[in-house]
Amino acid sequence: MTQLYRPLNILGFAYREIKQSLTDLEKMFVLLDIKPEVNDRESAKTVENIQGRVAFENVSFRYDSDRPILSNINFEIPTGKTLAVVGPTGAGKSTLSRILFRFYDIDKGSVKVDGIDIRNLSQKSLRKAIGIVPQDTVLFNDSILYNIKYARPEASVDDIYRAAKDAQIHDFILSLPKGYETIVGERGLKLSGGEKQRVAIARALLKDPSILILDEATSALDSATERGIQDALDRASAGRTTLVIAHRLSTIIKADNIIVIENGEIAEQGTHQALLNQGGLYAQLWKQQKKMPAASET
Ligand code: ATP
């Protein structure tokens, strides 16, 4: 029995290792957004210096043929400006960001970046120009350094430190006994939701994209963490075209423009104040959130 035990134990170990690397591989696909069904056209252009003007023109989209998700969406984000998207759960907010990243192709209309339909851009140049801070950040079972550097493998240590400082995670990392070499992820140090978000912000900052997508976490953070994250996000979005998928209205008061999505359509659009004055869905959502003892409210 004991003779058998060791090989089985090794097999068990190997199995766990393989399973873990498969999980990592799946995560990598999520991170890289690899979707074989979206292919480059032969004529797709490589554009190096994307400025970041974004336009959705009469965009309609469905994941499955029997259920329209977005209908006739029109908006523009001028270079360097911030557009926030709000609306009830399931309205189609995150779908907008997936479409901009060309995770999926649309059924009707066009999505343009710097006036070029993104189907005519190489996916590589489009994706190089877009940084995403997702709702839930996936960390590799590797060092914090690797997890940030991953966004731009050729980055110098100084660049990585700068990104981490701007994301307000540098001091926390230095306070760990192994600093930037600390292993994080499922098998390493488990970071809190707020810490993971900061790593994601550092990643996005290191990539230095002209377009930033911020998909706000639905889970509430405590108000001090929330403020810190908001500071880091404000810094990250300064000077970049930013699309914020917002769940907490308090975070988007300063947005240049806000669109309210309801049942896959734009129900209202304007600045925070203009929408409040309008007294429609946005004003209603605002009132509801004010009533909730949300951690984000200060
Ligand atoms: P939330 O505020 O809850 O994050 P949301 O407004 O961001 O919601 P989306 O994630 O854009 O909503 O989803 C819009 C609709 O599309 C939902 O009804 C959802 O079930 C559906 N949906 C999302 N992803 C897929 C998918 N991969 N396949 C089919 N349907 C999907």
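1. Strand E1 (residues 54-62) pairs with strand E4 (residues 108-113) in the antiparallel sense, over five bridges. Across this pairing, Glu57 stands opposite Ser110 in E4. Note that the model is a predicted one.

2. E1 and E4 belong to an open sheet of four strands, in the order E2-E1-E4-E5, with antiparallel pairing. At its edges are strand E2 (68-77) and strand E5 (116-117), and each pairs on one side only. Helix H2 lies across E1, E2 and E4. H2 runs at about 115° to E1.

3. A second open sheet has six strands, ordered E6-E7-E8-E3-E9-E10. Its pairing is mixed. E6 and strand E10 (265-270) are the edge strands; each has a single partner strand, so one side of each lacks a neighbour in the sheet. Ignoring direction, neighbouring strands here are turned by 20° against each other on average.

4. Two pairings in this sheet can be followed residue by residue. Strand E3 (residues 82-86) and strand E8 (residues 241-245) pair in the parallel sense over four bridges. Leu83 stands opposite Leu243 in E8. E6 and E7 also pair in the parallel sense, over four bridges. There, Ile130 has Ile211 of E7 as its bridge partner.

5. Look next at the side chains of E6. Ile130 and Ile132 point one way from the strand, while Gly131 and Val133 point the other way. All are buried.

6. Besides its place across E1, E2 and E4, H2 lies across E3, E6, E7, E8 and strand E9 (257-262). The angle of H2 to E8 is about 145°.

7. Helix H7 (residues 193-207) passes a simple length check. With 15 residues at 1.5 Å each, H7 should span 21 Å; its end C-alpha atoms are 21 Å apart, so the two values agree. Just after H7, Asp208 takes a positive phi of about 55°.

8. How much of H7 is buried? The count is 12 of its 15 residues, so H7 is largely enclosed by the rest of the structure. The buried residues are Glu195, Lys196, Gln197, Arg198, Val199, Ala200, Ile201, Ala202, Arg203, Ala204, Leu205 and Leu206.

9. What do the buried residues of H7 pack against? Their partners are strand E6 (130-133), helix H4 (144-149), helix H5 (157-166), helix H6 (170-175), strand E7 (211-215) and helix H8 (223-237). H7 lies across E6 and E7. H7 runs at about 175° to E6.

10. Last, the overall numbers. The protein has 10 helices and 10 strands. Buried residues make up 33% of its 298 residues. Of the contacts between residues at least 6 apart in sequence, 75% join residues at least 24 apart.

Note on methods. Residues numbered from 1 in each chain as written. Predicted model: local features only at pLDDT ≥ 70, side-chain atom pairs only at ≥ 80, totals over all residues. Expected span 1.5 Å × (residues − 1). Buried ≥ 20, exposed ≤ 12 C-beta atoms within 10 Å, placed from the backbone. Contact = placed C-beta atoms within 7 Å. Pairing = 2+ DSSP bridges. Axes fitted to C-alpha atoms, helices over the stretch in contact; angles between N-to-C directions.
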